[in-house]
Each structure stands twice: as C-alpha cells, then as structure tokens.
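Visitor: Could you take me through this model by way of some questions on its folding elements, its buried residues and its aromatic rings?

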Amino acid sequence: MEFNCEKNLWSFMDAERKRIKLPRRLSFGGDQQQSSETNNIHSASSARPSVAASEPSIPTRPTSPGTPWTLSPVRTSPSQPLLYHCIASLHRHEGNIFSITLSKDFVFTGSESSRIHAWKQPDCTEIGYIKAASGQVRAILSSGKMLFTTHGDCKVRIWDASTAENFRPKKVTTLPQRNRFLFFSRKSSQQHNDHISCLAYNKEDKLLYTGSWDKTVKAWKINERCCVDSFVAHEGQVNGIVINQEDGCVFTCSSDGSVKIWRRVFGESSHILTMTLKFQLSPVNALALSSSPNTTLLYSGSSDGLINFWEKEKMSGRYNHGGFLQGHHFAVLCLVALGELVFSGAEDATIRVWRREEGNCFHSCISVIEGHHGPVRCLAVSLETENVVGVKGLLVYSASLDQTFKVWRVKVFPTEKVNMDESAKDPQREIVECETSPVLSPSWVEKKLLGNYFQ
C-alpha cells in the first residue's frame, strides 16, 4: 500500500514535469549542481543555463488579435543584477503559515493555529505571540499601531500592537461586535459566512475592507466599529484586495478569473463597480499595486502561472492591459510590489524578482530565489538600505506550505543602460527563460492529489 502511494506521487510529479517540459536535472558547469541551502550567497546567474543550451520551458502564449497581449520576457544580463542569501529559516510545528505583515519594528505571522507570532526586525528573533480565541489566521494586516487579523470564526480582531519594551498587545475590538442584549450566541447579520481571505485598509477614510470566500466584500468603519457596506463582488471566492491610497479605488480578484475595480460613492458608504478586468480564464489568487508620481500599475497573479498587469491612464484614469510576466511553472499565490520591483511567490516553490524598466512597462526577471520545498504561500518585503548609487538592500520574508518561514537579505544593483539597437543585434542578449527544477515535498504533493492543498 505504501509502495503504491509513493509510486502514485512520483508518477504525478513526472507527469507535471512532462506537462511543463521541466528537465529532471539541470547541470551547471559539468555534473555538479549548486544547492540553495549549501551556498551562502546566491546570484541570479546561478539559476540560469547558457543561452545556447537553454530552451523555453513554457510555450509562448499566443497573441490574441482582440486584446493587447504583449509578453514581458526574461532576459539575461552579463552582470549579476541581484544577490541574495537566507539569514533565517524556521520550521513551524503549528501548521501552515497563511499570512505575513510588517510593522515598523515587527514581523507578524498568522497560521492554522490561534497564535499570532511576532518577530523582531531584522534579526527575526521571536519576542512573543498573541493568543486569539480562534485559529485559521488567513489574512493579517498592520497599519500604524493597529494590527488586523482574520480568524476561522469569520470575524476580524483588532489589536493595539504599538512598540513597547514589553510586547503585550491588547485586543481593541472584534468585528462584528457581539450584541450585549442577546444572552445566547447568534451569528450577526454583518458577519461573513465563510473564511475571510484578504484585508485592505483605507488610511484616510479609516475604512477596513474584508474579502471572503462567501463571494462578498465588506467595508468596516473602524471608529464606529460597524459594517457600513456589504456587496457581492464576484461569482467565485474573493482571493485578494488592494486599495489605491491616492484615490480610494478598491481592487478585488477572485477564483472566477476576474479583477474588478470599485469606487465609493461620494458622500456615501456604498460602492459601485467601475471596471472589470478579465484577461485570464484561470483563477486569480493575488493582487499588488505599484504607485508612483509617474505611473500606477496593477498586477494580478493567476493559477496559470502568469502575472498580468494593467497601467493607469493619467487623463481618464482607465486601466489598460499592458501584458503579462511569464516564468512560473505553477500557480502564482502571492505578489508584492515595491517601487520598480515585483516579487512573486508560486506553487513551484520559487520566488521570482521582476524589475520594470524606467519610462516603460517592460519587465525582466532578475532573479529566481530558491530554498523552499513547497508552494510559497505569502510574502512581505521591506527596504533596509539604499545608497547614493542606487544599490538597494531589501529584506524578503516568505512562508511556504512546507511549514517553513524564511528571511532573505537581498541586494539589488541598478539597471545598466543598454543601447537597444545594439542589443537587438547581439545574439547573446536574446530572450531566454529561467529554468528551474523545483523539489517538492512529498507531503504537499499528497495534499495536491487529494485536492485540498490550499485549504
């Protein structure tokens, strides 16, 4: 029985490799393959084969005549645009970590258990935890002194997590609040009917948005501690929600394959749908917004392994599809945008770092961070240092369904100025794909076979 189970698992992995044309093994410099766990410093070039020997591992998506499909490919560079190394790796025995958020001094993680752990930045030493009445903390968000957490009882808890020598956060309230006049437990009409999967906070209007698997989005007035609006947002589970803090637009994504833009009616609490973005047939799992004085870009990660992006028109405010980033072999589960950089975590157990070129919407993959042995479920990124020549020092926090929590120190070097006419003639600068051979944990593969690997 054990032999048959093991055989089925490996047959499944072989079938997945054949479907995406992954090699069983990549050789770098002979028969010796470098491991991300044994090397202290990793560079983007170590994950890339030579141009002559490599072939695209995923077929190029066909251009649709009715939609502006453009490919933002991966390109090689003669120099190393990014270096990284893992500075901390922790294995949790309390189940999978579902969510990560950063405050000024702390890192908070939410998992299957009812404990919300707090870690000190940047050395990631654990300073304590918050004990809640319910577990399944699938979404967590920090804003100023407040910490918002969602739980398996379909409620939101707000904590005062202000910086202090003794870490003793206090619970401020629970949304929705319990009716004091009822002596028996009854579900509030303002409460979600299923797991709350995502959070977003409008700082100016003091509005907290919650998206749920019950297909609805709710807006909560923090000062009044009540729900001021609730609407059915999608035909499927709501998986992600982000807010443009400049104009208050709310972006939601769903398993129905759509991304929607909502705007609050002026002077009211209700929301109206302003635009539906649907360029993919597969479920959309994550959203990220990159906003700067020059441009605003919306990114969405879907189960087909693609990252679509839209650019906002300055005059009309309309979001036009700019293309997609292709590189991940399985579903994209999380996204983080920081300046011109985009970080994506996926089911293929890798983290990809993308950089957008200044003045246009061309993106290139500058590194593939490897080290996890299961799907990368959530990410958080903070800027640690930046010098006068443009070298950025970043801290990347990642959690995987292999029950590990890792911290990476990343150094990103500035973009080289390349003459596009000369680079077009240079055969060594042709577009190539970063091929990787992910090693997946057997326990996660077994969950995938049972169909409950994201639950």
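Predicted model: local features only at pLDDT ≥ 70, side-chain atom pairs only at ≥ 80, totals over all residues.

Guide: Residues are numbered from 1 along each chain as its sequence is written, and side-chain values use heavy atoms, with hydrogens and water left out.

Visitor: How many strands does the protein have?

Guide: Helices (H or I, at least four residues) and strands (E, at least two) are taken as DSSP runs, numbered from the N terminus. On that basis the protein has three helices, and the number of strands is 30.

Visitor: What percentage of the residues of the protein count as buried?

Guide: Buried means under 20% relative accessible area, exposed over 50%, and partly exposed in between, with a 1.4 Å probe and protein chains only. Of the 455 residues of the protein, the share that counts as buried is 53%.

Visitor: Which side chain is joined to that of Thr-216 by a polar contact?

Guide: Thr-216 is placed in strand 14, residues 216-221, and counts as buried because its relative accessibility is 13%. A polar contact is a pair of N or O atoms within 3.5 Å, where within protein one must be able to donate a hydrogen and the other to accept it, and residues adjacent in sequence count only if both atoms are side-chain atoms. For Thr-216 such a contact, at 3.2 Å, is made with the side chain of His-192.

Visitor: Which backbone oxygen does the side chain of Gln-191 reach?

Guide: Gln-191 sits in the loop between strand 11 (170-175) and strand 12 (196-202), and is buried, with a relative accessible area of 9%. At 2.8 Å, its side chain reaches the backbone oxygen of Asp-153.

Visitor: Why is the pair of Phe-148 and Tyr-201 called tilted?

Guide: Rings of Phe, Tyr and Trp (its six-membered ring) pair if their centres lie within 6.5 Å, and planes under 30 degrees apart count as stacked, over 60 as edge-to-face and the rest as tilted. The structure holds eight aromatic pairs. In the pair of Phe-148 and Tyr-201 the centres are 5.2 Å apart, and the pair is tilted because the planes stand at 35°.

Visitor: How many residues apart in sequence are the parts that this pair ties together?

Guide: Both Phe-148 and Tyr-201 are buried. Phe-148 lies in strand 9 (residues 146-150) and Tyr-201 in strand 12, so the sequence separation of the parts tied together is 53 residues.
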